[in-house]
Amino acid sequence: MAWDMTRDNYLMFGGNDAQVTPLGDTWLLTYKPVFVQPTENQHICLGTNATFTAVADGPGPITYSWSVNGVPVNATNFPTAQFFFVGGTALTFLNAPPQFTGTWTVTATNSCGSTSHSFQVVASQCNLPCGRI
């Protein structure tokens with residue numbers, strides 16, 4: 001067993017079956033969530049719709065929160081954008097405002113702690129092709 005400081009979890013290798021035959025299994029023991037499907041950097045067009053998805057794995061129920069440039073994503077902070085599924089693995093919004101340019105962070109939390117993942121978004125008048133940066 002070894003502690004992985006980068007991912008903040010234990011990695012175990014080994015194991016035997018009922019006949020004591022070595023299996024060579026690898027197990028990852030996590031306490032707080034670990035992102036298994038992080039969101040990638042993206043370019044979005046102003047006024048269009050977009051969906052960001054990030055999936056974390058870990059014990060117990062996991063909740064998600066989203067922010068852009070340190071500001072929590074909600075209707076109060078971004079009144080011109082319409083959000084759907086805030087707090088879940090996917091954040092969908094309509095009518096992207098210019099304030100969406102910057103560093104986005106999704107935080108996954110369970111009863112043992114939280115883990116955050118950041119990614120870059122550029123929102124522009126579509127001088128660049130839309131999609132992944």
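Strand 6 and strand 11 run antiparallel and are joined by four bridges. Strands here are DSSP runs (E, at least two residues; helices are H or I, at least four), numbered from the N terminus. Two strands count as paired if DSSP finds at least two bridges between them. Within this pair, Ala50 has Phe93 in strand 11 as its bridge partner. Buried means under 20% relative accessible area, exposed means over 50%, and partly exposed lies in between (1.4 Å probe, protein chains only).

The model is predicted: local features need pLDDT of at least 70, side-chain atom pairs count only at pLDDT 80 or more, and totals for chains, interfaces and linings use all residues. Residues are numbered from 1 along each chain as its sequence is written, and side-chain values use heavy atoms, with hydrogens and water left out.

## Overall build

The protein has zero helices and 14 strands. Its radius of gyration is 19 Å, well over the 14 Å that the globule rule gives for 133 residues, so the protein is more spread out than a compact globule. That radius is taken over C-alpha atoms, and the rule is 2.2 Å times the number of residues to the power 0.38. Along the principal axes, the C-alpha atoms fill a box of roughly 65 × 30 × 25 Å.

Of the 133 residues, 32% are buried. The protein exposes about 7800 Å², and carbon and sulfur atoms supply 57% of that area. Accessible areas come from the Shrake-Rupley method with a 1.4 Å probe; for residues, only the protein chains shown count as cover. Among contacts between residues at least 6 apart in sequence, 51% join residues at least 24 apart. Contact means heavy atoms within 4.5 Å.

Three strands form an open antiparallel sheet in the order 1-2-3. Strand 1 (2-4) and strand 3 (22-29) are the edge strands, each pairing on one side only. From one strand to the next, the twist averages 25°. The axes behind such angles are lines fitted to C-alpha atoms, for helices over the stretch in contact, and angles run from 0 to 180 degrees between N-to-C directions. Strand 2 (residues 9-16) pairs with strand 3 over six bridges, in the antiparallel sense. Leu11 has Leu28 as its bridge partner in strand 3.

## Pairing around strand 13

Strand 13 takes part in two pairings described here. Strand 5 (residues 42-45) runs parallel to strand 13, and four bridges join them. Strand 12 runs antiparallel to strand 13, with nine bridges. A hairpin of two residues joins strand 12 to strand 13. Bridge partners in strand 13 include Ala123 for Ile44 and Ser116 for Thr107.

Thr103 lies in strand 12. Thr103 and Gln120 are 17 residues apart in sequence, yet 4.8 Å apart in space, C-alpha to C-alpha. Setting aside neighbours within four places in sequence, Thr103 is in contact with Ser67, Val68, Asn69, Ser118, Phe119 and Gln120.

## The nonpolar core

The largest nonpolar core has 23 residues, and Trp66, Phe93, Phe100 and Trp104 have the most contacts inside it. Such a core is a set of buried Ala, Val, Leu, Ile, Met, Phe, Trp, Tyr and Cys residues joined through side-chain atoms within 4.5 Å. Strand 6 (50-53), strand 8 (63-68), strand 11 (90-94), strand 12 (102-110) and strand 13 (113-124) each give two or more residues to this core. Not counting residues up to four places away in sequence, Phe100 touches Ile44, Val68, Phe78, Ala81, Phe83, Phe93, Val121 and Ala123.

## Partly exposed residues and positive phi

Most residues other than glycine have a negative phi. Asn69 has a positive phi of about 50°, and the phi of Asn95 is also positive, near 60°. Asn69 sits in the loop between strand 8 and strand 9 (71-72). Asn95 sits in the loop between strand 11 and strand 12.

| Residue | Relative accessible area | Class |
|---|---|---|
| Asn69 | 45% | Asn69 partly exposed |
| Asn95 | 37% | Asn95 partly exposed |
| Thr103 | 30% | Thr103 partly exposed |
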